[in-house]
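The sequence and the structure are shown first, and the discussion follows.

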Amino acid sequence: MFSITKKFSPQVEIGDYVLTASGENPSSVQGKFILAGYVYDQATYPELYSRLGLYLVANFTPRTAGTTSTINALTYGNGLYVYGGNGGVLATSPNGTTWTVRSSGTTSIIYGLTYGNGVYVYGTQNGSIRTSTDGITWDTRTSGTTSDIRAIIYGNGIFVYAGQSGLLATSTDAITWTSRTSNTLSTIFALTYGKGLYVYSGDRNRVE
């Protein structure tokens, strides 16, 4: 259940997203969020959007990913989309429509994937990190850990990875990594960067 007190019904605009909490078919009119008979605007209700996830998006077109494995991470950079997932599955696409499966060099689960400063970087279960300049050929790097790397980002000239039991490290080139103190022993599942600030979140509703 979601506790939403404010509700309104703005004008529905063509091209906006439709979201239903119950998994019903989307409305024939592409509009704002639709939940429990009310319409919610994404910009006004970002928490609702993130908690529910996108069940149905009326103007998204399904594509063939080229795999039946779970895809855990997706990034875009230098004109190329790259995804990674279970069993080390990895693929690239120039347009998000046609995907070419690549050799990732690992059979571990790829949890984190990012692009920055001309380099694609992924992090995996058991602490493996690899980098690539083209999304095709991947080089093994020394991560400094054997714990699961659950998230990896790039921002303001710095790569950051995080994961199991408060694992956290930074790098300026994605090759040499320095362990940092995260001030938590909880597993960190998510990382982001914006407005000069790095933010992580994970187990036990922790955000720092």
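## Confidence and overall composition

The protein has a mean pLDDT of 78, and 67% of its residues reach 70 or more; pLDDT is the predictor's confidence in each residue, on a scale from 0 to 100. Residues 1-38 have a pLDDT below 50, yet this stretch has 87 contacts in the model beyond near neighbours in sequence, a contact being heavy atoms within 4.5 Å. Residues 54-60 also stay under 50 in pLDDT, and the model has 23 contacts for them beyond four places in sequence.

The model is predicted, so local features need pLDDT of at least 70 and side-chain atom pairs count only at pLDDT 80 or more, while totals for chains, interfaces and linings use all residues. Residues are numbered from 1 along each chain as its sequence is written, and side-chain values use heavy atoms, with hydrogens and water left out.

The protein contains one helix and 16 strands; these are DSSP runs numbered from the N terminus, helices being H or I with at least four residues and strands E with at least two. Of the 208 residues, 38% are buried, where buried means under 20% relative accessible area, exposed over 50% and partly exposed in between (1.4 Å probe, protein chains only). Among contacts with a separation of 6 or more, 34% join residues 24 or more positions apart.

## The sheet S3-S4-S5-S6

Four strands, in the order S3-S4-S5-S6, form an open sheet with antiparallel pairing; two strands pair if DSSP finds at least two bridges between them. Strand S3 (71-77) and strand S6 (100-102) stand at the edges with a single partner strand each, so one side of each has no neighbour in the sheet. From one strand to the next, the twist averages 25 degrees, with axes taken as lines fitted to C-alpha atoms and angles running from 0 to 180 degrees between N-to-C directions. Strands S4 (residues 80-85) and S5 (residues 90-93) run antiparallel and are joined by four bridges. Val82 stands opposite Thr92 in S5.

## Aromatic pairs and a charge over a ring

The structure holds eight aromatic pairs. Rings of Phe, Tyr and Trp (its six-membered ring) pair if their centres lie within 6.5 Å; planes under 30 degrees apart count as stacked, over 60 as edge-to-face and the rest as tilted. Two of the tilted pairs are tabulated here.

| Pair | Centre distance | Plane angle |
|---|---|---|
| Tyr76 and Tyr81 | 4.6 Å | 50 degrees |
| Tyr193 and Tyr198 | 4.5 Å | 50 degrees |

Tyr76 is partly exposed at 46% relative accessible area, and Tyr81 is partly exposed at 30%. Ring pairs link Tyr76, Tyr81, Tyr83 and Trp99 into a cluster.

Arg150 lies over the face of Tyr111, 3.8 Å from the ring centre. The criterion is NZ of Lys or CZ of Arg within 6 Å of the ring centre and within 35 degrees of the ring normal.

## The surroundings of Gly166

Gly166 is found in the loop between strand S12 (158-163) and strand S13 (168-171). Its relative accessibility is 9%, so Gly166 counts as buried. Leaving aside neighbours within four places in sequence, Gly166 is in contact with Ser182, Thr184, Leu185, Ser186, Thr187 and Ile188. Phe189 is 23 residues from Gly166 in sequence, and the two are 9.5 Å apart in space, C-alpha to C-alpha.
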